[in-house]
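Subject: Structure handover

Hello,

Here is the structure we spoke about, for you to look through. My notes follow below it.

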Amino acid sequence: MDVKYAASIKPTKRQIKIQELEFYGFIHFGINTMNGVEWGSGKEEPKRFYPDNINTDDWIKTLKSAGMRGAILTCKHHDGFCLWPSKYTEHSVASSPWKNGQGDLVKEFSLSCEKYDMEFGVYLSPWDMYEPTYGTGKEYDDFFVNQLTELLTNYGKVFNVWFDGANGEGPNGKVQEYDWDRYYRIVRELQPEAVISVSGPDVRWVGNEAGKTRENEWSVVPAFMKDPAITAGLSQQEDSPDFRETFTTGDEDLGSRKRLNNYNGKLIWYPAEVDLSIRPGWFYHAEEDKNVRTSDNLFNIYKDSVGNNTTLLLNVPPMPSGEIHDNDKIVLKELGEKIKNLYENNAVKFAQLSESSNEFTTSLEDILKPELDGKYFQFCKNDNQPLMELSWEKPVLANTLILGEYIPRGQLIDGIQIELKVGGEWTRLIEVESIGYRRILSFPEQVIESLRIKITSFREQPNLNFILLTYDNFYKH
């Protein structure tokens, strides 16, 4: 691997923005909700769609209580039923009794996002079991692009266009070969700031729906990973509860120095997203009311996803009435409190540099916060063993260390060692490879006198823009 070439790969402004969002929500809601199924057939009757108590303001407030910063709505799932009155099909809310056929759930959802300062995103399934032109090639692509254009022009700013890899038969028994390049061009033209996930060029799927990441998640990976066929091959092609609990992440190492050592092809910035549901299913089922994930489970997933250089997309499915179940609301509020505590329960209010190798020093206060505001600690360019040692006036109780690189400069660290000074003695705590946007390292609580960060391997002059030693009250040994 040409280390300098790998170090030269940088994220786009779109990719930086979604990484900064960290945690956002999915709302799966539609005709499947009314029928109590995960996947429809395209033969559903629109008259079945009659939620009597939809309140999208409450949806967004519930997601926000968990610490989410954006929300994506399943505007059309594989069954082809549209939650907006599309001009290009009768299979939509316009043919339903909801609001006498005058409703537009996408509009209500987007306005609630705007009202509560949440980013608004759209999910549009390329697979359409209802549309008769599906499988015909360009004719269906024209139809799909028309619907995509409606969503990207009529509802304000879109932060995320989410395409999945499911690709099955339409009503005529044919399978469509998607014109992905054309879809991407439309998104770039109409919403240039929107990222395209997961069958898309901006954000890759981690590879499972169980909330699991690789040991090290790299943002710089071989360009062939962007091929939608790879995502399609790993994606669910039929409703399967077993698939949703599969922990497979595909290739366990996508971008380490060892993995890329014999790779001479093109590299791209292609960060991962973890997606999962708060319940066993993606759509609501009453029998799952007692199977809602606990806040402890979701908090650990948050630390293992956002805290391992990925973003986290959590699905919360409303009931047929249009309301979110109280069990889900309670868990989400608890989760938000735990995430807030993680960042606010700072063990070290002020630290000083005891020892360091740096070219210029920004204030430590400037890097003890999670915003990518252009401030970062730069290690010496010619130092082969970059080191930072932090100390403070009195020993502190801590069990979590959070680190972050300034990713506009790339992902440069590929080896880092953490040592703690406890009882006057230095002990090695942990050694990992990747940091990226964020790395959350949990350990048994200890009374710590000093912290030493050693960069053991790097691709170019390394930096850190975020360092937080904290006490996580919810850490499980």
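How many helices and strands does the secondary structure of the protein come to? There are 13 helices and 19 strands. Please keep in mind that this is a predicted model.

Some overall figures come next. The protein has 477 residues, and 60% of them are buried. Of the contacts between residues at least 6 apart in sequence, 79% join residues at least 24 apart. The accessible surface is about 19000 Å², and carbon and sulfur atoms account for 47% of that area.

Eight strands form an open sheet with parallel pairing, in the order 5-4-3-2-1-10-9-6. Strand 5 (195-198) and strand 6 (204-205) are at the edges; each has a single partner strand, so one side of each has no neighbour in the sheet. For strand 6, two parallel bridges link it to strand 9 (residues 272-277).

One residue deserves a separate note. Glu150 lies in helix 6, which covers residues 138-153. Glu150 is buried but has no salt bridge. Lys87 is the nearest side chain of opposite charge, at 5.2 Å, whereas a salt bridge requires the charged atoms to be within 4 Å. The side chain of Glu150 does reach the backbone nitrogen of Lys87, at 2.9 Å. Beyond its neighbours within four places in sequence, Glu150 is in contact with Lys87 and also with Trp84, Ser86, Tyr88 and Tyr155.

Regards

Methods:
Residues numbered from 1 in each chain as written. Predicted model: local features only at pLDDT ≥ 70, side-chain atom pairs only at ≥ 80, totals over all residues. Heavy atoms only, no water. Helix = DSSP H or I, 4+ residues; strand = E, 2+ residues; numbered from the N terminus. Buried < 20%, exposed > 50% of the residue type's maximum accessible area, 1.4 Å probe, protein only. Contact = heavy atoms within 4.5 Å. Areas by Shrake-Rupley, 256 points an atom, 1.4 Å probe, with all protein chains shown as cover. Lys, Arg positive; Asp, Glu negative; His and termini not counted. Polar contact = N/O pair within 3.5 Å; in protein donor to acceptor, adjacent residues only side chain to side chain. Pairing = 2+ DSSP bridges.
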